[in-house]
Amino acid sequence: MGSGGSARRLWYRRPAADWEKESLPLGNGRLGAMVFGGIGEDRLLLNEDTLWSGEPRQLNGDADAFAASLAEARRLAFEGRYRQAQDLVERDLLGPWNESYMPLGALTMTWQTNGETEDYVRELDLDSAVARVSYRQGGVDYVREAFISAPDQALIVRLTADRPGALSLGIALDSLLRHAPAPSDEAARVWGMDGRSPIRVNPNYVDDGDPVLYAEGRGMTFAVRVAVETRGGAVAIGDGRCDVRSADEIVLKLAAATSFAGYDQDPASSGRDPGRICAERLAGLAGRPYEELLARHVADYRALFERVELRLGAPDIAAEQAAVPTDERLRRVKEGSEDPALTALYFDFGRYLLIASSRPGSQPANLQGIWSPLLRPAWSSNWTVNINAEMNYWLAESCGLSECHEPLFDLIDDLREAGGRVAERHYGARGWAVNHNVDLWRNANAVGGNAQWAYWPMASAWLCWHLWNRYEHTLDETFLRERAYPAMKEAALFYLDWLVRGPEGVWVTCPSTSPENDFLTPDGEAASVSYASTMDLTLIRELFGHVAEASELLGTDAALREELEARLRELPPFRTGRHGQLQEWIHDFEEADPGHRHVSHLYGLYPGDQFVTGRDDALAEACRTSLHRRLANGGGHTGWSCAWIINLFARLGDGEAAHDYVSTLLRKSTYDNLWDAHPPFQIDGNFGGTAGIAEMLLQSHGGELRLLPALPAAWPEGSAAGLRARGGWQVELAWRDGTLASAALTSIAAEGTTRLRVAWAEAYELLCDGRPAEGARIGEGVVEWRAEPSRRYVLRRVSPVGGEE
């Protein structure tokens, strides 16, 4: 017991007291649990990813009225009457609030303690996705293990003790939602609860009327069922609970389901019976031993998790650090210590969280992943698609988790339909449009509130980046033709219609905002609505370029391609402002909040690739100036914003600044359980931080691969295996003394001219099958050759670099 075990684990010497800061998350994409590891009482807080408030609803508003108000808002913005334009937008062009993600409930186990607790360890093993608690009490060693299986769609909990008959406990279910005990099956030892979700839950920041509303016979229904299997002892079931006495071993198998049958189906009359679904799942698990279920779970999980391995720092030092509890390691980092191995653990935890919260067939990871015990969760636990939902998936392709990207693509498929109705009615346009918030019912209209965040019909462009990113990493032409291109094309049609001629005679967006910042008008008044924000135009340039490239690759839509290319030539240019910064708006306004957490205008640096160092140096430097100005005024103060900054500095090739913000993320925006603190808990910072660490080690934008492009001095030694690069590459890296020792590139789908940038390139040779690669050219920091598919290329150092002797 104690400090032994895997280095890739989170572990602690005391139970969790706070769900947000200390509990350990389990999940299979659909079902989630937060484990506390208590003594005398243990609670597992539960979620199911389709359990939301609300029901499908009709799109609000009259198309003619929207058109008239839109025209007037444009007139006001073009006349420089920005505050009046914003007031009109907020009065006439916003719609209803999103619905909220709901807590499923809690599984609570209680028992009599017996003496002092010794050798307590609570852990989450990232190598197996198993949470474990072990301790000694009254001379007995107790162990509790829990995991949530994707193959078997169930939460499995096992309790053991090394003394026969030592396990006696009560087990109960409860929920913050309306619920009642379900009929039990004493013969099968199955019991549970049934419940119903409200038809409306206002966002936690809205105080209008009754914040939680139920309606008889309406809303989502849900069911939870628990099967109890024991070795020895007696079991009594009744009144929605279970009591076990004097057992040698207890195994709980929990299934949960809802009546959700699709975003456009009424959950109250969908015909989907969650109780029957649970019963069927548990029937399939009946009698199957714990060891078999564990083996199936671990094999499924490891097939994803073991694709990538990261080591930072010397192995012996990493082993010493792993012997220290995770909260103690984090405390030391917050006090100023360096712990590269903790950074590697944070990276692995981010990959774990995506596997646990996003699997094929599940909903996408929301603002809290799938973990929220609150009736009114922060920002409704929705999908905020002006940065946060997208950040959740920045790591998916680069870290080898393409399958985990699938739920976001499913969301895009739904939004093509729901957003198509928004585009037609609210904007009089073709294609599909999505504003900044989306819920389970695929609400795509502008919600209520302030236009600085609510009015932003640009999300379909950003979401399409993910489709293109998948294609660029895999070169899967079938995916491009059948799934990505249709959505991208339809989004491009919307923006062709959304663009209007501005006062300067070029095509602009209007009304336009730069999420979620305000500028100061010439009169000193704060406003968010103008026209042609830099982020709008960056997204449109990117989307039009990708659609044009895809249409050429697929040999289709030549006329559309010509139209997009012509429109691109008539967009306003990117502009540098009076401070040398990349302008955030079409005019060189001052920011109302110079330290704002959003850096929307820098999208083209990351995740986009319109400002590439070595190609677009003037604009890249303008981005650097913008970033430094934002940070000098207090920017990067939320977890997810800090994570974005890591990626931005990585793209600028500034490893020391990127590392500073990795450290800041750990020191200021990470809880003891390594969850990201906005605050409160928001999972995007975990995912963005993981993506940023990968981006510091490997980049593949702008037509070339870059090895160790932002390696900081704090990581002088390390290795990474399994990272993926655009162009169909899998990459392995090893470095010593801050320079590349060797690299191996496997061409999963790559073919043709490949350009690789690495410091001191002339000190290396490129091998294929153990021999110098034919036709390879090396010089001026670049290695270039013609790659063949399914081949492994090795970059080996053959002479000293830098000041080495």
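Trainee: Which definition tells us when two strands pair?

Mentor: Two strands pair if DSSP finds at least two bridges between them. Helices (H or I, at least four residues) and strands (E, at least two) are themselves DSSP runs, numbered from the N terminus. The model is a predicted one, in which local features need pLDDT of at least 70 and side-chain atom pairs count only at pLDDT 80 or more, while totals for chains, interfaces and linings use all residues. Residues are numbered from 1 along each chain as its sequence is written, and side-chain values use heavy atoms, with hydrogens and water left out.

Trainee: In what order do the five strands of the open sheet lie, and which are the edge strands?

Mentor: The pairing in this open sheet is mixed, and its order is S26-S27-S31-S35-S34. An edge strand here pairs on one side only, and that holds for S26 and for strand S34 (777-779).

Trainee: How many bridges join S27 to S31, and how many join S31 to S35?

Mentor: Strands of a sheet pair through backbone hydrogen bonds, either parallel or antiparallel. Strand S27 (residues 705-707) runs parallel to strand S31 (residues 752-757), with Leu705 standing opposite Leu756 in S31. On the other pairing, S31 meets strand S35 (residues 782-787) in the antiparallel sense, and Arg757 stands opposite Val782. The bridges number two for S27 with S31 and six for S31 with S35.

Trainee: Which residue of S35 stands opposite Ile778?

Mentor: S34 and S35 pair in the antiparallel sense, over three bridges. Within S35, the residue opposite Ile778 is Val783.

Trainee: What is the volume of the largest cavity?

Mentor: A cavity is a set of points, on a 1 Å grid over the protein atoms alone, where a 1.4 Å probe fits but cannot get out. Grid points are joined across faces, edges and corners, and a volume is the space filled by probe spheres set on the points. The count comes to seven cavities of 30 Å³ or more, and the largest has a volume of about 160 Å³.

Trainee: Which residues lie nearest the centre of the largest cavity?

Mentor: Lining residues have an atom within 4 Å of a point, and the largest cavity has 18 of them. Elements giving two or more residues to this lining include helix H12 (459-474) and helix H19 (684-697). Those nearest the centre are Trp394, Ser398, His473, Glu695 and Arg726.

Key. On a 1 Å grid over the protein atoms alone, a cavity is a set of points where a 1.4 Å probe fits but cannot get out, and a pocket is an open set with protein on both sides within 12 Å along at least five of seven lines; lining residues have an atom within 4 Å of a point.
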